[in-house]
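Good morning, colleagues. I would like to take a few minutes to discuss ligand surroundings.

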Amino acid sequence: MIVTHWGVYHAEMRDGRPARLVPVADDPAPSPIADGMLDALHSPARILRPAVRRSFLTGQAGAGRGAEPFVELPWDEALDLAAGHLRRIRDEHGNQAIFGGSYGWSSAGRFHHAQSQVHRFLNMMGGYTRSVQNYSFAAADVILPHVTGDSRGVAKGHTLLRDIAQHTELLIAFGGLPAKNAQVSAGGILRHILPGSVAAAERNGARMVNISPIRDDIEGRHDVDWIPIRPNTDVALMLGLAHVLASEGLHDRAFLDSHATGYDRFEDYLLGRADGTPKTPEWAAAICGVPADSIRDLARAMPRHRTMIAMAWSLQRADHGEQPYWMAITLAAMLGQIGLPGGGYGFGYASVGGIGAPAAAVAWPSLPQGRNPVQEFIPVARIADMLLGPGERYDYNGQSRVYPDIRAVYWAGGNPFHHHQDLNRLRRAWQKPDLVIVHDSWWNPVARHADIVFPVTTALERNDIACSSRDTFIAPSHKLAEPAGETRPDYEIFAALAKRLGCWQEFTEGRDEEAWLRHLYDLACEQAVGSGVNMPDFETFWQEGLRDLPEAAQQPPLFAAYRADPAANALRTPSGRIEIHSAVIEKFGYADCPGHPAWLEPLEWLGSEKTRDYPLHLLSNQPKTRLHSQYDVGSHSRASKIKGREPMRMHPDDAAARGIREGDLVRVFNGRGACLAGVTLSDALMPGVVQLSTGAWFDPDDPAAAMPLEKHGNPNVLTRDAGTSRLAQGPSANSCLVEVEPFRQAPPAVTAFTPPELAPAGPGSAPSLTQKT
Ligand SMILES: Nc1nc2c(c(=O)[nH]1)N[C@H]1C(S)=C(S)[C@@H](COP(=O)(O)OP(=O)(O)OC[C@H]3O[C@@H](n4cnc5c(=O)[nH]c(N)nc54)[C@H](O)[C@@H]3O)O[C@H]1N2
Ligand SMILES: Nc1nc2c(c(=O)[nH]1)N[C@H]1C(S)=C(S)[C@@H](COP(=O)(O)OP(=O)(O)OC[C@H]3O[C@@H](n4cnc5c(=O)[nH]c(N)nc54)[C@H](O)[C@@H]3O)O[C@H]1N2
Ligand SMILES: [Mo]
């Protein structure tokens, strides 16, 4: 049995090797993403031995990262080299000069979770500069505590999907409910319940409205109403809806009086008393492209029905991404259904699997990470700003902060050359530190941009225990194959480094893998017993596999308790209520995030003058055939490519206007970069919008060039690297204009899956550690 972020599978073994991964019977809608895992195990792109960038060995720092051959070294030499550099940097510059944010999803499994491992290791060696928030919902995570006291309704605390199926009459889904995204859940998922829940809601007569630039954001359901909307203009649409409610007296004044604060200040803006511009449906229509009559009809339907406002996480990964969430909560407060079964709002219902699924009665332990004595941090998506501008000031959630001076970057379990925006800028920033160490299993772009690369086993090559806060199971994840080449688990690599740095005992606590698994299982059992759940002994658990667990007893709708008694269950906001106007945010004085939700024009959108040069809005959404960049090298992801490139969907009219046909190779470009993609035509997209999912391994035609042609279809060479606002500083990937043209030259070969040039290991090839780098 193996647990992955996309499901739980049994292995069919042949000749002692896994031949096929079969989803467990409990899963009503298994994901095919696992299909590409087994062939990737022995792909030529596997990293089999420790390797060091060639000119790093001869003492040259940054310049050349990502554009050089590597030299393979024996483990001991590579470990000595890494430990020596870490020690030197720590002694000369202090622990805060080590950036260990190491953002990324890693693999499922509690023990071998790479982030937990790297953070634990860096803590034991004295700490590191960390990162806060995530690429998924940073803007939400920072604004919501100001509005509702915490971030409930984003990653947890949702009204359950089964309550929606039972009670919701009108389901308004901004960004749809794409089943493709609910395939995955961090830490593993046993039951994919989203498709069944959507079907059940429909059977119960719920009307579903998909407000999105893409029709099939509610997959397979053609009977839903589709309201195409220009990307990044949802706030204007919601203001139009709110205007109808307010001007026709359809809003719930009593709820606003008892449970919210600041509505009047907002209404001054809404009705135009504050700025002379009433946010009428006509005003909204001119911005978002939704006809005024449709806005009026939808607004009038909302208070007549039990209405759930669902919104994907994608909407807040955009310029001013805080606003759509604040506005959605405001709209829900105006409807007065927050806290009722099937009413109110919820974010990210389909963004990952398990949102709105019942939680287990047991809270699980994770690998303890120790304490980080270093206080320094950055908002996660500000990494390039930090590397390019040490000592520079920036704003964040009311603080004026200074970027630290980073000398070493340590990454295990994430791929910044997948996840970060404006990769050409990141490549410049990435040349700055003295040292970059990466652990990965494949020669993907982050490994190629390292100085020292440690090859790690995949989840299929080691034992682990998996459980998730969004599902009701615990399962062993069994080792199915022997480690490829000389690969080792992250844990062993960190233990070996810890030995060299004098913190082996603290890091390992004297345990090997098996002892840790037993220890974590014991902790799990303690928690389970406390919750009245019986667990078998470790041997039985290990052999029997999957354990299904009882659901937590009370799982009321989001804010049900607050609705019932707003005084006793006051929110942790200054007023104790939902803050439609926030005096705290207003006092920050950020023009890009004022004191109440507002329409703020994004820097790049279909209504901007920039469309003269770049007339198409690029949505780089999540890929259907993989998790981010993981297993892009595997057969399942590769089967989706067109002429070897990532498929880009385009409306037939946009294609025809440019002489582009189905299956053509195109060049997608703007002022930040250019990539190739393979076109597939679809009228599921609104005209003016193109969709190129993330995750194709970055593959420049000339790795030494400042702005190379990316050959494989990585949209992050095009996206803009700027914070959502001074408030949250979240990533804003979804605000991006591009132009597309046919690519008529001989297509350059895709080399993303070809390892870099490797020189063999030779004894004594490591330089002396006193040598300056
Ligand atoms: N344009 C655009 N960009 C985006 C987004 C978008 O919508 N648009 N979405 C953003 C979001 S929400 C996210 S969460 C990020 C995701 O970004 P990441 O989480 O960084 O992406 P992954 O491809 O999952 O990277 C995980 C890496 O860890 C490696 N790995 C897996 N298991 C292990 C292990 O056990 N040990 C070690 N050492 N390595 C392991 C994998 O091989 C892979 O290289 O991307 C962000 N980027
Ligand atoms: N298969 C698969 N599933 C995944 C992932 C993956 O890599 N692969 N990644 C996971 C991760 S880490 C995360 S954080 C979640 C992210 O989950 P989401 O953020 O919800 O995912 P996206 O696919 O970026 O966006 C969903 C849809 O929102 C729509 N959309 C984009 N911009 C706008 C807009 O301005 N207005 C409106 N109304 N709609 C818009 C797009 O049409 C898009 O298809 O997905 C998770 N699920
Ligand atoms: Mo994410």
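I shall take the two ligands in turn, after a word on conventions.

This is a predicted model, in which local features need pLDDT of at least 70 and side-chain atom pairs count only at pLDDT 80 or more, while totals for chains, interfaces and linings use all residues. Residues are numbered from 1 along each chain as its sequence is written, chains are lettered from A and ligands numbered from 1 in the order in which they are written, and side-chain values use heavy atoms, leaving out hydrogens and water.

Where does ligand 1 lie? Domain 1 (43–135 + 365–530) and domain 3 (609–742) both contribute residues to its shell, so ligand 1 lies between them; the bounds come from an automatic or database domain assignment. Ligand 1 is surrounded by 33 residues, each with a heavy atom within 4 Å of it. Among the closest are Asp490 and Asn716. A polar side-chain atom of Asp490 is 2.7 Å from a nitrogen atom of ligand 1, and a side-chain N or O atom of Asn716 is 2.7 Å from a nitrogen atom of ligand 1.

Turning to ligand 2, domain 2 (151–360 + 556–588) and domain 3 (609–742) both give residues to its shell, so ligand 2 lies between them. There are 30 residues around ligand 2, with Asp217, Asn232, Asp234, Ser314 and His628 coming nearest. An N or O atom in the side chain of Lys180 is 2.9 Å from an oxygen atom of ligand 2. From Pro623, a backbone N or O atom lies 2.7 Å from a nitrogen atom of ligand 2.

Note on methods:
A polar contact is a pair of N or O atoms within 3.5 Å; within protein, one must be able to donate a hydrogen and the other to accept it, and residues adjacent in sequence count only if both atoms are side-chain atoms.
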